[in-house]
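This report describes charged side chains and the contacts between them. Please look at the sequence and the model first.

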Amino acid sequence: MASRSVNKVILIGNLGKDPEQKFTPSGQAVTKFSIATTDRWKDKTSGEFQERTEWHNIVCWARLAEVAGQYLTKGSSVYIEGRLQTRTWDDKEGKKHYMTEVIANEMMMLGGRGKEGGGRSAAAGAQGGASGPGEDYNQEPRFAPSAAASPEITDDDIPF
């Protein structure tokens with residue numbers, strides 16, 4: 001029997017700074033940003049509440065990158081679904097570096113502290129629609145990521 005594996009990440013967090021959008025030499029949009037997620041718990045020994053914040057590097061490609069670059073800002077609350085990918089490179093001194101990123105294939109803007117709000121989804125932004133009062137958020141999503149939304153990425157493709 002063939003082995004099976006799953007590489008899926010789901011995050012809800014807030015952007016630490018405005019997204020950085022660039023284009024590959026072939027003209028494909030790529031947008032990078034980081035989001036913070038915070039865990040809170042009550043320490044059993046002291047009874048005091050503790051908190052730990054994790055930062056996650058997010059990369060969006062193609063139309064999803066265009067929507068993220070247009071609508072997200074520092075402080076925006078966002079839902080991200082994607083997969084983990086680690087890339088490596090050597091610096092000028094020959095030292096090897098590693099970076100693990102979430103390659104996003106779905107995104108939903110949740111509103112909150114950013115300038116755009118109100119649960120706008122990447123699908124709504126990509127199709128020209130808007131989320132508004134009375135929209136049924138429990139319906140099936142209208143956006144299904146295609147293979148083109150998350151192409152195989154090489155170091156030559158990333159302009160950062």
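## Salt bridges and their surroundings

E81 forms a salt bridge with K8, and the closest N and O atoms are 3.1 Å apart. E81 lies in strand β5 and K8 in the segment before β1 (9–15), so the pair ties together parts that are 73 residues apart in sequence. A salt bridge here is a side-chain nitrogen of Lys or Arg within 4 Å of a carboxyl oxygen of Asp or Glu. Strands are DSSP runs (E, at least two residues), numbered from the N terminus.

This is a predicted model, in which local features need pLDDT of at least 70 and side-chain atom pairs count only at pLDDT 80 or more, while totals for chains, interfaces and linings use all residues. Residues are numbered from 1 along each chain as its sequence is written, and side-chain values use heavy atoms, with hydrogens and water left out.

Buried means under 20% relative accessible area, exposed means over 50%, and partly exposed is in between (1.4 Å probe, protein chains only).

How many salt bridges does the structure hold? The count is nine.

| Pair | N to O distance |
|---|---|
| E81 and K8 | 3.1 Å |
| R52 and D39 | 3.8 Å |
| R52 and E54 | 3.9 Å |

R52 meets D39 in a salt bridge. This pair links distant parts of the chain, with R52 in strand β4 (residues 49–61) and D39 in strand β3 (residues 29–42), 13 residues apart. R52 also meets E54 in a salt bridge. Each of these side chains belongs to a partly exposed residue: R52 has 42% relative accessibility, D39 has a relative accessible area of 40%, and E54 stands at 37%.

Strand β5 (residues 76–90) also holds R87. Is R87 buried or exposed? R87 is buried, with a relative accessible area of 13%. The side chains of R87 and E101 are joined by a polar contact of 3.1 Å. A polar contact is a pair of N or O atoms within 3.5 Å; within protein, one must be able to donate a hydrogen and the other to accept it, and residues adjacent in sequence count only if both atoms are side-chain atoms. R87 and E101 are also linked with K32 in a network of salt bridges.

Conventions
Helix = DSSP H or I, 4+ residues; strand = E, 2+ residues; numbered from the N terminus.
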